[in-house]
Amino acid sequence: MNIIKISPSLMCADLANLGEEVKTLTSIKADQLHFDIMDGNFVPDIGLSHLEIKAVRHLTPLLFEAHMMIVNPLRYVGVFVEAGADIICIHAESCTNLYKVIQEIKQRGKKAGVALNPATPLCMVENILTEIDLILLMMVSPGYKVPGVKSAGYSPGVLEKASCLREIIRKKELNIDIEADGSVNEKSIVNMAGAGINVFVVGSALFDERPLSAHKIQELRNRAEKAFLEKWG
Ligand code: ZN
C-alpha cells in the first residue's frame, strides 16, 4: 500500500465516456477514485450522485470515495453504500450530529471521513479522531471553478492546519489519512505533502493532459512521497 495516494476526481473526467475513463484510471494505477457529490444546496453547484457510482462500480476494483457536499448526509449514507462507495466523507459543516453520521457509516462496514472547509477549525474533529479514517481538507471553497475566473489558489492557513493535524495524529498514534482537495498540481503537491497530507484529489492537473498517463500519476506520487518522507518519515 502506498503511503501517498492519488485520487482522481471523476467530476473532471470525460463524462461522455465515464466507463472508459474509469478503466483507464485503473490501468494507469490511480490509488482510488473520488466522486464529488453536490446537491445545489450545501454548495451552489450540482455534481455527481450515487447513480454514477453504481454505473461504474463493476468496472474496477479501486476504492470509491464519495465526497458528500450535501445537506443532511445521514439520510443518504445507505444509498451511497448500496451504490458501491467504500469511503464516505461528510462535511463537518453539514451535520448537526457529526458523530451519529460517522457511526452510521462505520456500522455499515465502510470507512468514514470528515471534510473541513478552509475556515473550519480542527477542533470540530479533535474529540472524534479515534472514530474516523480520513480527514479531507478543502484547500479552496467547495464547488465548481467559475469559468474564466482565475482561481485565487489555496489558503496557506490550510497548510498550517494540516501540519497541526499530522502532529496530533502522530502523538496519538492514530492511523488517519489526511487528504487535500482543490488546487493540487505538480508544484502545490510538494508543499501539501510537506505539511503532512498524504492523499491527493487531482482534477485538471491530471485530466487536462491527454491521453491520461501513468507517468503523470507516478510523478505526482513521487514528488509527494519525497516531500512527505523528508518531513514526516
Ligand atoms: Zn472532492
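Helices here are DSSP runs of H or I, at least four residues long, numbered from the N terminus. Keep in mind that you're looking at a predicted model.

Let's start with H1, which covers residues 18–27. Its buried residues are Leu 18, Glu 21, Val 22 and Leu 25. Look down the helix axis and these residues fall within an arc of 100°, so they line one face of H1. The spacing makes sense: an α-helix has 3.6 residues a turn, so residues three or four places apart point the same way. What does that buried set pack against? Its partners are strands E1 (5–8) and E2 (32–38), plus helices H2 (50–56) and H7 (204–207). After H1 comes Lys 29, with a positive phi near 70°.

Now for the cysteines. How many disulfides does the structure hold? Cys 89 is buried, at 0% relative accessible area. Cys 123, on the other hand, counts as exposed, with 52% relative accessibility. For the sulfur of Cys 123, the closest cysteine sulfur is in Cys 164, at 12 Å, again too far for a bond. The cut-off for a disulfide is 2.5 Å between sulfurs.

Finally, have a look at the second largest pocket, which holds about 540 Å³ of space. It is lined by 21 residues, and those closest to its centre are Ile 3, Lys 5, Asn 175, Asp 177 and Asn 198. Strand E3 (63–69) and helix H5 (156–171) each give at least two residues to the lining. By type, the lining splits into nine nonpolar, four polar and eight charged residues.

Key:
Residues are numbered from 1 along each chain as its sequence is written. This is a predicted model: local features need pLDDT of at least 70, side-chain atom pairs count only at pLDDT 80 or more; totals for chains, interfaces and linings use all residues. Side-chain values use heavy atoms; hydrogens and water are left out. Buried means under 20% relative accessible area, exposed over 50%, partly exposed in between (1.4 Å probe, protein chains only). The arc is that of the directions from the helix axis to the C-beta atoms. Contact means heavy atoms within 4.5 Å. On a 1 Å grid over the protein atoms alone, a cavity is a set of points where a 1.4 Å probe fits but cannot get out, and a pocket is an open set with protein on both sides within 12 Å along at least five of seven lines; lining residues have an atom within 4 Å of a point. Grid points are joined across faces, edges and corners, and a volume is the space filled by probe spheres set on the points. Ala, Val, Leu, Ile, Met, Phe, Trp, Tyr, Cys and Pro count as nonpolar, Asp, Glu, Lys and Arg as charged, and the others, Gly among them, as polar.
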